[in-house]
Amino acid sequence: MTVNLLSKLAAVRACCGWQPGWCGVVLACAAAQALAAEPAAPAASAASAPVVAPAASNWVKVEGAWIRPMVPGQTATGGYMSLTASQPLTLVGFKSAAARTTELHEMKMDGDVMRMRAIPSLALPAGQAVVMQPGGQHLMLMGVTAPLQVGADVTLTLKLRKADGKTVTQDVVVPVRPRP
Ligand SMILES: [Cu+2]
């Protein structure tokens, strides 16, 4: 397993754009990639999920959205934005045609090492801006087949759970650009 992870370092060292020197991050990221290498769920599973998508959904106000540009050979990157919910919502995930695997991530100090890990959800209290940014919570795109480059626009479909338990979606078109 360790050897397997180490062999992936070259591919994932730029994961999320963090410096290779942050070995804790890189290793955590490699672990995430190893998990991501599991066979992808059939496309049909997305269609069978209990998702209700109103025509003109505007559940959250999205500001300052960007996706970190990728370099050749890189297969993962991060998406960042500020979300302000119109009612109490929980971000439970997202999808994109650009990435085989998508996860909600957070960076956390573990002793004196910054690590990245997947989180199941992110609470979005009504009227309160929740900021996803480098060094904190972010949207992780993995298994990206063609490196995303500056100038591209990527559609992300946010999956949001309402207080009544129903899940809704909202599409967000996010530009690929350097950190604002
Ligand atoms: Cu991440």
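Why does Leu104 count as buried? In this predicted model, where local features need pLDDT of at least 70, side-chain atom pairs count only at pLDDT 80 or more, whereas totals for chains, interfaces and linings use all residues. Residues are numbered from 1 along each chain as its sequence is written.

Leu104 counts as buried because it has 20 C-beta neighbours inside 10 Å, the class being buried at 20 or more other C-beta atoms within 10 Å of a residue's own, exposed at 12 or fewer and partly exposed in between, with C-beta atoms placed from the backbone. Leu104 lies in strand S5, which spans residues 99-110, and its C-alpha atom is separated by 5.6 Å from that of Ala118, 14 residues apart along the chain. Residues that Leu104 touches, leaving aside those up to four places away in sequence, include Leu91, Ala118, Leu122 and Leu139; a contact requires C-beta atoms, placed from the backbone, within 7 Å.

Val130, found in strand S8 (residues 129-132), counts as partly exposed because 18 C-beta neighbours lie inside 10 Å. Val130 and Ser82 are 48 residues apart in sequence, yet 5.5 Å apart from C-alpha to C-alpha.

Across the chain there are four helices and eleven strands, assigned as DSSP runs (helices H or I, at least four residues; strands E, at least two) and numbered from the N terminus. Of the 180 residues, 33% count as buried. The average pLDDT, the predictor's confidence in each residue from 0 to 100, is 79, and 68% of the residues score at least 70. Over residues 1-47, however, the pLDDT is below 50. Where pLDDT is low, the predicted coordinates should not be read in detail.

Key: Two residues are in contact if their C-beta atoms, placed from the backbone, lie within 7 Å.
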